[in-house]
Amino acid sequence: MVNYGTLPDLVAVALLTCAFASVARKCQAPGAGMWLTGWMLIALHFFASMFVGLPGAFGTWAGFIGLASLTWSATFFVRASLPYRDEPSSAWMNAALVAGNGIYVGALCFLPDGSQFLIVAALLFGLLPLAVAVVSIPDFQHPLRWGLVGVNTLLTIFLLLFQNRAGNGTELALNAVLFAAYFSCSVYFWQAHEVRSTGSLITTAGFLAWALVFVVAPLMRAYLPLVHVESEVWNLPKYVVATGMILLVLERQIEHNKYLALHDELTGLPNRRLFQDRMRNTLERARRSGNGAALLLVDLDSFKQVNDSLGHHIGDQLLRAVGDIFSHRLRRSDTVARTGGDEFAVILEEPVTRLDAERVAQQLSELIEQPIEVEGHTICIGASIGVALYPDDGVTEEAMFIAADLRMYDMKNGTLRGSGSRSGNPSPARSFTAEVAARGV
């Protein structure tokens, strides 16, 4: 007999899965594909549960699919929470967990009296993950992986002790498997989200409640048989988890939008808006402490020739490379930003003198003059850098920008002499043209 009582749950989970798929696709959240796979398996669980009451093999297979998909979904939720989920051996570990759960649930469904095979199936819970962890040691290992192996080893011990217990051994074993699966989801999801947002807290609590269902429900049946709880109550944690995950994806999208509003999409560096905000804060700190601060404005020479000769794609890659060069050279306390097409700006904080600032400018200039490899092309460009020091060249943000901008154009036009000057060197345009001609680009 078909159990249509699970149809509302199936429809609800299917709608939540579709909503999650839509949100995750637009936001492209890390691990969202595995979350979606987990929810599709939950929907399969409810669909199969409708046919468990049918007689014969069809009902048995429906029971197996329903229980197996419920345990398999947990393995995907756990993998989505791992920081190394894209590591190749992670896929093997997931396959080992899926196989272990499937074999054991299959033994419970198809061989209810097969105690010897149940022992083998229980051993596989611990042995399969352990084998993957040991084999992958030369290439990869992580404490969380060994934690996963430990959980499955403890589960194996529990199953060996209680699965053949007369009366309720099978029920204890199945509930232990499901509790371990979803309790692991709760623990791993908690550790994966160090920033405790509303979405992460709701999802973690939902997984914990989901795991506790497999403890509280059998205890109530055993000790409070007269207390009736509707099945929808036991399914509530699933909807809490789904809601929390959707909220978490939306929170990530909001954070990503904030990031894009303050960072250059191409290089990942702060954009002009964020740079100006940091400049104001730097000058305010310098006023209070009496220390100096420096502003460097950088304009790449010959960048237009790169775009014209090699194309905008190569030009974009060159900008990324320059941004990486600046980021690796400067201190953490300093700020480097892309403020225009081929323009960068740098704030040097903490006690800084003009000599310090000009030395940094010279070093950056020398780094940029080195050949840069971009997708098989060797490109030589230069950079004109203007330096302004607080408070000597200005005490306001605008005054500092004007002073640095004037010095940058003085250098670009070849009128600046002294420290940081590149007089006597060939012009950047000639250098780039000669490099292109020499390499036949």
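Me: Which residues does Trp-39 touch, leaving out those up to four places away in sequence?

Reply: This is a predicted model. In it, Trp-39 touches Val-13, Thr-17, Phe-20, Phe-77, Trp-210, Lys-238, Val-241, Ala-242 and Met-245, with residues up to four places away in sequence not counted.

Me: And what about the largest nonpolar core, how many residues has it and which have the most contacts inside it?

Reply: The largest nonpolar core has 60 residues. Trp-39, Tyr-104, Tyr-182 and Trp-210 are those with the most contacts inside it.

Me: Which helix gives the most to this core?

Reply: Helix 7, residues 169–192, gives the most, with 11 residues.

Me: Rings next. How many aromatic pairs are there in the whole structure?

Reply: A search of the whole structure gives 20 aromatic pairs. One of them is formed by Trp-35 and Phe-189, which are 5.8 Å apart centre to centre, with 35° between the planes, and the pair is tilted.

Me: Where in the chain do Trp-35 and Phe-189 sit?

Reply: Trp-35 is in helix 2 (residues 32–49) and Phe-189 is in helix 7. They are 154 residues apart, and the pair links distant parts of the chain.

Me: Is Trp-35 buried or exposed? And Phe-189, buried or exposed?

Reply: Trp-35 has 1% relative accessibility, so Trp-35 counts as buried. Phe-189 has a relative accessible area of 0%, so Phe-189 is buried.

Me: What about the rings of Phe-77 and Phe-207?

Reply: Their centres are 5.4 Å apart and their planes are at 55°, so this pair is tilted. Phe-77 belongs to helix 3 (residues 56–81) and Phe-207 to helix 8 (residues 198–223), 130 residues apart. Both Phe-77 and Phe-207 are buried.

Me: Which residues form the aromatic cluster with Trp-39?

Reply: Trp-39 forms one aromatic cluster with Trp-35, Phe-77, Tyr-182, Phe-189, Phe-207, Trp-210 and Phe-214.

Me: What sits over the ring of Trp-190?

Reply: The charged end of Arg-196 does, 3.5 Å from the centre of that ring.

Me: What lines the largest cavity?

Reply: The lining has 14 residues, and Leu-97, Asn-152, Ala-180, Ala-181 and Ser-184 lie nearest the centre of the cavity. Helix 3, helix 4 (88–110), helix 6 (143–162) and helix 7 are the elements that give two or more residues to this lining.

Me: How much space lies in the largest pocket?

Reply: About 780 Å³ of space lies in the largest pocket. It is lined by 33 residues, with His-45, Arg-221, Ser-231, Trp-234 and Asn-235 closest to its centre.

Me: Which helices supply at least two residues of the pocket lining?

Reply: Helix 2, helix 3, helix 7, helix 8 and helix 9 (231–262) each supply at least two residues of that lining. The largest share, 7 residues, comes from helix 8.

Me: Now the backbone. Which peptide bond is cis at Pro-391?

Reply: The peptide bond from Tyr-390 to Pro-391 is cis, with omega near 5°. Pro-391 lies in the loop between strand 6 (382–390) and helix 14 (397–412).

Me: Why mention that?

Reply: Most peptide bonds are trans, and most residues other than glycine have a negative phi.

Me: What is the phi of Ser-302? And of Glu-375?

Reply: Ser-302 is not a glycine, but has a positive phi of about 65°. Glu-375 also has a positive value, near 50°.

Me: Where are Ser-302 and Glu-375?

Reply: Ser-302 is in the loop between strand 1 (293–301) and helix 11 (303–310). At 9% relative accessibility, Ser-302 counts as buried. Glu-375 is in the loop between strand 4 (372–374) and strand 5 (377–379).

Me: Last one, Ile-137: buried or exposed, or in between?

Reply: Ile-137 has a relative accessible area of 33%, so Ile-137 is partly exposed. The residue is found in the loop between helix 5 (115–135) and helix 6.

Definitions and conventions
Residues numbered from 1 in each chain as written. Predicted model: local features only at pLDDT ≥ 70, side-chain atom pairs only at ≥ 80, totals over all residues. Heavy atoms only, no water. Core = buried A, V, L, I, M, F, W, Y, C linked by side-chain atoms within 4.5 Å. Buried < 20%, exposed > 50% of the residue type's maximum accessible area, 1.4 Å probe, protein only. Helix = DSSP H or I, 4+ residues; strand = E, 2+ residues; numbered from the N terminus. Contact = heavy atoms within 4.5 Å. Phe/Tyr/Trp six-rings, centres within 6.5 Å; stacked < 30°, edge-to-face > 60°. Lys NZ or Arg CZ within 6 Å of the ring centre and 35° of its normal. 1 Å grid on protein atoms, 1.4 Å probe; cavity = no way out; pocket = protein on both sides within 12 Å on 5 of 7 lines; lining within 4 Å. Points joined across faces, edges and corners; volume = space filled by probe spheres on them.
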